[in-house]
Amino acid sequence: MKILLAEDHAQMRAKLKRYLELKGHQVVEARDGKEAFTLITNGDERFDAIITDNSMPGMNGTNLLQAIGSNAHCPPTLLHSAEKRGYMDTGNGREQVDLHEFVSYFDFARFALKSGNPVEYIGDFLDSIST
């Protein structure tokens, strides 16, 4: 599978990339949501899955989901966060949202709370979309 990994923490990004590559996946890295959005929309690459952190500078994970949600060919996406709540930019500023509830509005997306070993819930996510 070709996976887009959006994560602003270099150490976490390297750990997840290593895990995904050991599982046989091709990984394209993005340092934040804006870079991920550019990779998704420029048309040069097609992704089989997206794994994105929520708390990133610039465009966060919720804003990335909003931006790609109108794309009819959006691949399965995992939004993960250490927090149950996050912020979404709206026309009236920033609004706090329950991330699990927010993600439920997108049929292609799932939410995972960062607790314990991220390899476990990422593995579960990838298993669920490859069957």
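Strands here are DSSP runs of at least two residues, numbered from the N terminus, and two of them count as paired if DSSP finds at least two bridges between them. The model described is a predicted one.

An open sheet is built from 5 strands with parallel pairing, arranged in the order 2-1-3-4-7. Strand 2 (26–30) and strand 7 (109–113) are the edge strands; each has a single partner strand, so one side of each has no neighbour in the sheet. From one strand to the next, the twist averages 20 degrees.

Strand 4 (residues 77–81) runs parallel to strand 7 and is joined to strand 7 by 5 bridges. In this pair, leucine 78 is found opposite arginine 110 of strand 7.

## The second largest pocket

How much space lies in the second largest pocket? The volume is about 150 Å³. This pocket is lined by 13 residues, and those closest to its centre are Asn54, Ser55, Asn60, Tyr87 and Arg94. Sorted by class, the lining holds 7 polar, 4 charged and 2 nonpolar residues.

Which strand gives the most to the lining of this pocket? Strand 5 (residues 85–90) does, with 4 residues.

## Aromatic rings

A pair of aromatic rings is described by the distance between the centres and the angle between the planes. Across the whole structure, a search finds 2 aromatic pairs. One aromatic cluster is formed by Phe102, Phe106 and Phe108.

Another ring, that of phenylalanine 47, has a charge placed over it. The charged end of lysine 2 sits there, at 5.7 Å from the centre of the ring. A charge is counted as sitting over a ring only within 6 Å of the ring centre, so the 5.7 Å of lysine 2 meets that cut-off.

Terms used: Residues numbered from 1 in each chain as written. Predicted model: local features only at pLDDT ≥ 70, side-chain atom pairs only at ≥ 80, totals over all residues. Heavy atoms only, no water. 1 Å grid on protein atoms, 1.4 Å probe; cavity = no way out; pocket = protein on both sides within 12 Å on 5 of 7 lines; lining within 4 Å. Points joined across faces, edges and corners; volume = space filled by probe spheres on them. Nonpolar A, V, L, I, M, F, W, Y, C, P; charged D, E, K, R; others polar. Phe/Tyr/Trp six-rings, centres within 6.5 Å; stacked < 30°, edge-to-face > 60°. Lys NZ or Arg CZ within 6 Å of the ring centre and 35° of its normal. Axes fitted to C-alpha atoms, helices over the stretch in contact; angles between N-to-C directions.
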